[in-house]
Amino acid sequence: MTALIPELIAMASDPTIKTADLLRKAKVAARQLQQPAWASWIDHELNGYPKDVKMPPYRLLPCAVKADIGTDKPVPLTLDVPEWMETLSQVPCPLSISALDAMALPGATLNMPLPADVTAALIKASPHPMVPVRLVGAH
């Protein structure tokens, strides 16, 4: 056990180590230290968060809600319902850390689909033809 913590520190400092590999090693430490809450959190990070488990706040990703009007770039979508915009401007991300690593590209924007009923309501409420999109990483 005494070598495990320095090994974790070294792994965390090494940019070539994959996050999932670090988490698997941390899970060993959590079990040896008899920390079931840590082990459970690590399991969720490694395997993704089930619907019945509350995700940590850092798993709510900020996003931009825009309107795809058929041009090169979506345009900002403005709604007269502030609580909708607040709700739609965050997207829960329950995916495993490996899935997130696979999607993460520096400078890339991810399109996180809106629920079908929300998409339909936004299309119906718009005076112009458009498709609403939710973009993570959009500035």
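## Helix packing and cores

The axes of H2 and H3 come within 9 Å of each other, crossing at roughly 160°. Keep in mind that this is a predicted model. Angles over 145 degrees count as roughly antiparallel, so that is how H2 and H3 run relative to each other. As for handedness, their crossing is left-handed.

Who meets whom at this crossing? H2 brings Ala20, Leu23, Arg24, Ala26, Lys27, Ala30 and Arg31, while H3 answers with Trp38, Ala39, Trp41, Ile42, Asp43, Glu45 and Leu46. Zooming in on Ala39, and skipping residues up to four places away in sequence, its contacts are Ala30 and Arg31.

The largest nonpolar core has 11 residues, including Leu4, Leu8, Ala29 and Ile97. Three helices, H1, H2 and H3, each give two or more residues to this core, and H2 has the largest share with five residues. Apart from that core sits another one of eight residues, with Val65, Ala67, Leu114 and Val118 among them.

Val118 also leads over to helix H6 (residues 116-125), where it is buried along with Thr119 and Leu122. Looking down the H6 axis, the buried residues fall within an arc of 100°, so they line one face of the helix. Over on the other side, Ala116, Asp117 and Lys124 are exposed. The buried residues of H6 pack against helix H4 and strand E5.

| H1 | residues 4-13 |

Notes. Residues numbered from 1 in each chain as written. Predicted model: local features only at pLDDT ≥ 70, side-chain atom pairs only at ≥ 80, totals over all residues. Heavy atoms only, no water. Core = buried A, V, L, I, M, F, W, Y, C linked by side-chain atoms within 4.5 Å. Buried < 20%, exposed > 50% of the residue type's maximum accessible area, 1.4 Å probe, protein only. Helix = DSSP H or I, 4+ residues; strand = E, 2+ residues; numbered from the N terminus. Contact = heavy atoms within 4.5 Å. Arc of directions from axis to C-beta. Axes fitted to C-alpha atoms, helices over the stretch in contact; angles between N-to-C directions. Parallel < 35°, antiparallel > 145°, perpendicular 65-115°, else oblique. Left-handed = near helix turned anticlockwise from the far one by under 90°.
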